[in-house]
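My notes are below the structure.

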Amino acid sequence: MQKTIERREVREEDTAEVRELVHVMLNADTYTSLQAVSSLGAIGAPAIGPLVQALLAVDSNARWTVAMALARAGAEAVEPLIGVVRDADDDIKNPAIWALAEIGDPRAVEPLIAVLQGSHRSECCRALTAAALLKLGDPAGIAEVQKVFEREGEPFKGLTMEALEGT
C-alpha cells in the first residue's frame, strides 16, 4: 500500500514538473524553451501525453517546438504520433511527421505511406512525408516516394529534397 501511495506521489510530482516544463517550453525565450524541450525529452513517457495534447491545442509555430520535445522523447512517442498523423489536419500532422522522421522508428513507415498516397493532402504535407520516408530509409517507403516522383515530376521532387535537407 505504501509503495502505491509513493508511486502516486511520484506521478503527481512528475505531472507537475511536466506541466511546468510544457508551460516554459511554450512561453519562455528561445534558449529557455529549448532547455525545456530537452528536459521533456529526457522525462520520456510521462511527458508524451501532455505533449500530444499541446500539439493538438497550440498555434502553428508552437507545434514545431512541441514536435521537437516529442522527437527527443524517442520511441515511446511513436504510437501517439502515428495517431496524430492518421487523424489530424495537415497543420497538426506536419510537425508530427517531422518528429517521426527524427525518431527513425520503422513503425512510422506504413502510416506515412498512407499519408503520401492520400490525394486530399496538401503538397507541403506530402513533400514533408516523402522526405520523412526517405530519411527513414525503409525500402517500401523509398519505393513509394519514387512512384510519386515519377508521377509528379521535378517540382515535387525539388520540394521534397528541400524538406529532406531541412530535416
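**Ground rules.** I am working with a predicted model, where local features need pLDDT of at least 70, side-chain atom pairs count only at pLDDT 80 or more, and totals for chains, interfaces and linings use all residues. Residues are numbered from 1 along each chain as its sequence is written, and side-chain values use heavy atoms, leaving out hydrogens and water.

**Whole chain.** I found ten helices and zero strands. Helices here are DSSP runs of H or I with at least four residues, strands are E runs of at least two, and numbering starts at the N terminus. The C-alpha trace spans about 60 × 35 × 25 Å along its principal axes.

**Helix 4 and helix 6.** I looked up residues 60-73 (helix 4) against residues 90-103 (helix 6): the angle is about 30°, and the axes are 9 Å apart. Axes are lines fitted to C-alpha atoms over the stretch in contact, with angles from 0 to 180 degrees between N-to-C directions. The two helices are therefore roughly parallel (under 35 degrees). On the helix 4 side, the contact residues (heavy atoms within 4.5 Å) include W64 and M68. Helix 6 brings, among them, I92, P95 and W98.

**Helix 9 and helix 10.** Next I took residues 139-152 (helix 9) and residues 154-166 (helix 10). Their axes come within 6 Å and cross at roughly 135°.

**Rings.** Which residue has its charged end over the ring of F156? I found R126 there, 5.3 Å from the ring centre. The rule asks for CZ of Arg or NZ of Lys within 6 Å of the centre and within 35 degrees of the ring normal.

Definitions and conventions:
Angles under 35 degrees count as roughly parallel, over 145 as roughly antiparallel, 65 to 115 as roughly perpendicular and the rest as oblique.
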